[in-house]
Amino acid sequence: MTDHTAAGHDDHHDAPPTSFAERWLFTTNHKDIGTLYLIFSLVMFFVGGSMALVIRAELFQPGLQFVDPQFFNSMTTVHALLMVFGAVMPAFVGLANWLIPMMVGAPDMALPRMNNWSFWILPFAFSMLIMTLFLPGGAPAGGWTLYPPLVMQTGDAFPFMVFAIHLMGASSIMGSINVIVTIMNMRAPGMTLMKMPLFVWTWLITAYLLIAVMPVLAGAVTMLLTDRYFGTSFFNAAGGGDPVLFQHIFWFFGHPEVYIMILPAFGVVSQIIPTFSRKPLFGYSSMVYATASIAFLSFIVWAHHMFTTGMPIAGQLFFMLATMLIAIPTAVKIFNWLATMWKGELTFETPMLFSVAFVLLFTIGGFSGLMLAIAPADYQYHDTYFVVAHFHYVLVPGAIFSLIAAAYYWLPKWTGYMYNEALGKWHFWLSLIGVNVLFFPQHFLGLAGMPRRIPDYPTQFADFNAVSSVGAFIFGFSQLLFVAAIWSSVKGKDKATDQVWDGAKGLEWTLPSPAPYHSFSEPPKID
């Protein structure tokens, strides 16, 4: 059998697929695989979101209304794992598949068969993960952090969850290898590293982060598994182990992981804001260095999640200061986005609206993160709803808003048709109102002392919880408008022109495939 993969793609590209199975199951085409990732992540977004609505319905008023407390906490665990590994990360991998080859001038991803494999692992992994909710004993009720000994107090679901996490990790590592090899080896002539679009840069750095930390998570959950079934005592104090050791291992993975979910978002926003400001991005090289700085610092801040574990004062001081240091490169990014918009010819189409909301609301999440970095204050905030509000402000109006912005921005390129702009704007405003009504009151709940991961609470927390739950249903149901807007583009009437966003002056990758203009070539002439 001859090797057809040497040129970075195989004979599937030469002959059109003959059947549905050949087109979608066996595809090695980066665009088809990108589409599969994006559709899968959208489905997981709705599955995980429906779990969030069950959680918020239960918390609408004090008392136990709808679900058993064990099921409530199991669902919290599965909701978190689904949203992190099933919705946000595959969506960014889908964007990487679609866009990176076109942005660097490559014919496809470097390893197309592995690309197919890394996607098709995911449906099996998440089927097993969701199945844990319905197995005897229920899913582990330890939250996405899976802390022992709490996570050990579960039934048959535990090994299913561990195996599902291993599969997700394998998929992420393969996807990352593919991204790195494509970017490093398949750039068009003249496309130097410092001429790459920022989305490509953020993904290159993210891919290295993923390869570094996913094996750490795999090791942590494997040690949990051997503690449970093979008599080891890594985290069992009775056998000489230490449950706090698990926290160190988990958060050495977990803190870079939260940057894995936000760095590609920075890349997306850095593509969109210049287009609708009609200006090149302000401070390109400083953005690249800031991204690399954030990635480096993410490895030396893990124990800021552990201030309440009895850490020495010197350790608390180091992790507090290192965490505050991350605010500097992050602030550079926010300044550069604002400077890009300053005196630009701004228009506010849907992608720009979501991007501007991203900058504002991500900043709120960043400030509450700085509050949590203050070790003595963290004793008060730790494991309260303040932490829930903080990371949801980073991940929902942060990562998810950027993904939505990316979808609206590149949909005309992907489908050849414009989406319904009115639907997009309705979707934006309802999402913006819903997300703030949902998460802002949770800061107050946390400051008042309401602990996270509880199905019942005293009456003094009732009012803010009711407001928060109303916001959850506004935000949740407004996402149906997103599906409608996508459908309006897929089944579109209005053809996208060569220059999709009016007056973009060739700054962006809105030109039709397969021959994008690169930053080293002449931009197209605009009449």
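This is a predicted model: local features need pLDDT of at least 70, side-chain atom pairs count only at pLDDT 80 or more; totals for chains, interfaces and linings use all residues.

Reader: Which helix does His 255 lie in?

Author: His 255 is part of helix H7, which covers residues 243–260.

Reader: And what does the side chain of His 255 make a polar contact with?

Author: With another histidine side chain, that of His 305, at 2.8 Å.

Reader: Nice. Which residues does His 255 touch, leaving aside those up to four places away in sequence?

Author: His 255 touches Ser 298, Val 301, Trp 302, His 304 and His 305.

Reader: Let's switch to salt bridges. How many does a search of the whole structure find?

Author: The search finds 2. In one of them, the side chain of Asp 32 meets that of Arg 23, with 2.8 Å from N to O.

Reader: OK, and which side chains meet at 3.4 Å, N to O?

Author: Those of Asp 383 and Arg 452, in a salt bridge. This pair links distant parts of the chain, 69 residues apart. Asp 383 sits in the loop between helix H13 (375–381) and helix H14 (385–415), while Arg 452 sits in the loop between H15 and helix H16 (462–490).

Reader: What about accessibility for Asp 383 and Arg 452?

Author: Asp 383 is partly exposed, with a relative accessible area of 36%, whereas Arg 452 is buried at 16%.

Reader: Changing topic again: which residues make the nonpolar surface patch?

Author: The patch is made by Met 371, Phe 440, Phe 444, Leu 447 and Phe 464, and its area is about 430 Å².

Reader: Which helix gives the most to it?

Author: That's helix H15, residues 421–447, with 3 residues. Leu 447 is found in H15.

Reader: Last one, then. How exposed is Leu 447?

Author: Leu 447 has a relative accessible area of 44%, so it is partly exposed.

Reader: Great, thanks for the tour!

Definitions and conventions
Residues are numbered from 1 along each chain as its sequence is written. Side-chain values use heavy atoms; hydrogens and water are left out. Helices (H or I, at least four residues) and strands (E, at least two) are DSSP runs, numbered from the N terminus. A polar contact is a pair of N or O atoms within 3.5 Å; within protein, one must be able to donate a hydrogen and the other to accept it, and residues adjacent in sequence count only if both atoms are side-chain atoms. Contact means heavy atoms within 4.5 Å. Patches are made of residues with over 30% relative accessible area and no salt bridge: like charges are joined within 9 Å, nonpolar side chains (Val, Leu, Ile, Met, Phe, Trp, Tyr) within 5 Å. Accessible areas come from the Shrake-Rupley method with a 1.4 Å probe; for residues, only the protein chains shown count as cover. A salt bridge is a side-chain nitrogen of Lys or Arg within 4 Å of a carboxyl oxygen of Asp or Glu. Buried means under 20% relative accessible area, exposed over 50%, partly exposed in between (1.4 Å probe, protein chains only).
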